Amino acid sequence: MGRVIVVTSGKGGVGKTTSTANLGTALALLDKTVAVVDADVGLRNLDIVMGLESRIVYTSMDVIEKQCELSKALVRDRRVDGLMLLAASQKNNKDDIQPEQMKAICDKLRTTHDFVLVDSPAGIERGFSNASAGADEAIVITTPDVSAIRDADRIIGLLQNARIEPINLVINRFSPQLVGNGSMMDQDDVLDILNIELIGVVPEDSGVINSTNRGIPLVYEDGSPGAQAYMRIARRLTGQRIPIHNFEQKGLLNNIVNWFTRKK
Amino acid sequence: MNSKMANSTVALRAYRDGLHLIIRPHLSITEVEAAIQQEISRMNRSLAGVSVQIDLKSPTLKKEEIELLSSKLQETYDLTVRGVEVADEPVPPPIAAAPTTHVISQTTDTRPPRDSEPSRIIPHTIRSGQTEEFPQGSLIIYGDVNSGSEVKAGGDIVVLGTLRGSAYAGMNGRLSAVIIAMDFAPLQLQIGNYVNRSSVSQEPRGYPEIARIGAEDVIIVEKFVKF
Ligand SMILES: Nc1ncnc2c1ncn2[C@@H]1O[C@H](COP(=O)(O)OP(=O)(O)OP(=O)(O)O)[C@@H](O)[C@H]1O
Ligand SMILES: [Mg+2]
């Protein structure tokens, strides 16, 4: 039986879709079978980020309305073995789907896949309850700023009430430089407030936008810091124990280097 | 002038620089001594070796009386007087002859003492959007109270973590209610109908702090040094 993991955040635009696409791909690259599910009904874009937009014929709505079989609605990613996408309908809105219907889909997908990753819409309303309905685990994405953390905290409370466990945290768009000069919260500040397990830190990476535009998840080109961060998170998800990469230490070193070069 | 101050005689208060013994104006030395005895016995613990600063509101006791009082505090309670300060602003005498042998918290609060009320334990962190309310008594939180969350209690609120959200103690009007947190960085504090107006530090100081209604009828936050 596969694991159903909802990727969620509270605040919008912090990198849920980017993370779902990259973690799904990374897990497939690690020889796992993966289904990524877009639960952002009405505002779908997981398919775009994964570069599969043009191949979508059916969506989860068609499955719910019994217009097609679930297996037929899954789009296979041809670049890697074992990766499938279930797209969201763009014509409908979040209220057209019931949490039980999402749960039924997830329960079916977990019989054929090691991992089912559900890309949640932002917010705490219906879209969130739909996305989390079938999940037993969660990955909460936050950026290291006060408002995103506050909303992540809110979501964590809701996930805990729904008995979803474990809840792992990804800090996205982390910038050692900004932490170094005191304008961004560091890892410990974030963890101090949210007090859940940290599964990874993804640095601010200009490659992300480029990869989104081309529909090629970052992890296919594993050179960038963002890609490496997502690969490490995927390994941790499969149970490998690898230490959390400390971007800050590097930042400190940079600062010292900067300091010396400035002195000259 | 509010009745709370007019009716009270002496009060022991912990401030950042240590313990203060606040003595109201227009009192005889015998009234002061009786009130001190009552205030100290109310505390239920020895003050031996503790140093105290005496704050006098003028018009006040005579110089000899103050000296006598200092030596009595030393002899009877083993309290060291580290200083005497007289507020220069004279306070007019109370309009009516009010009973004077009362301590602040007793005159303003006729409810049963805090240890006879129930308390409720919240064994986890309270997160944004969550509210915990316990009008019947005190709340003890084994975790943080995060920004965007709210805790309300009829009695005290004790946070064994960081207080970042809003805390409302004494929600039924108990003005002796206090808010204690291991780390204090609240968004908003309320005790009874007093809302904190003075700015409370948003940065935890690294030691436990307590919020209570102070002598000047505002919520004061200070280092927590036991009851
Ligand atoms: N690590 C990163 N470095 C740089 N840019 C990033 C990073 N992660 C995400 N972004 C950018 O942030 C934007 C929002 O990302 P994304 O769409 O993944 O967020 P989301 O949480 O899914 O948003 P929504 O709430 O709208 O669904 C995108 O433009 C993306 O390219
Ligand atoms: Mg998204």
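The model is predicted, and local features need pLDDT of at least 70, side-chain atom pairs count only at pLDDT 80 or more, and totals for chains, interfaces and linings use all residues. Residues are numbered from 1 along each chain as its sequence is written, while chains are lettered from A and ligands numbered from 1 in the order in which they are written.

D107(A) sits in helix α5 (residues 99-109) of chain A; helices (H or I, at least four residues) and strands (E, at least two) are DSSP runs, numbered from the N terminus. Between D107(A) and I171(A) there are 64 residues in sequence and 28 Å in space, C-alpha to C-alpha.

Turning to the whole chain, chain A holds 12 helices and 8 strands. Of its 264 residues, 49% are buried. The C-alpha trace spans about 70 × 40 × 35 Å along its principal axes. The radius of gyration of chain A is 18 Å, which agrees with the value near 18 Å for a compact globule of 264 residues; this radius is taken over C-alpha atoms, and the globule rule is 2.2 Å times the number of residues to the power 0.38.

Within the sheet, strand β6 (residues 137-142) of chain A is mostly covered, with 5 of its 6 residues buried. Strand β1 (residues 3-8) of chain A runs parallel to β6(A) and is joined to it by 4 bridges, with pairing requiring at least two DSSP bridges between strands. Here V6(A) has A138(A) as its bridge partner in β6(A). β6(A) is also parallel to β7(A), through 5 bridges, and V140(A) is partnered by L169(A) in β7(A). Together with helix α7 (residues 146-161) of chain A, β6(A) and β7(A) form a right-handed β-α-β unit: with the strands pointing away from the viewer, the path from the first strand over the helix to the second runs clockwise.

Notes: A residue is buried if 20 or more other C-beta atoms lie within 10 Å of its own, exposed if 12 or fewer, and partly exposed in between; C-beta atoms are placed from the backbone.
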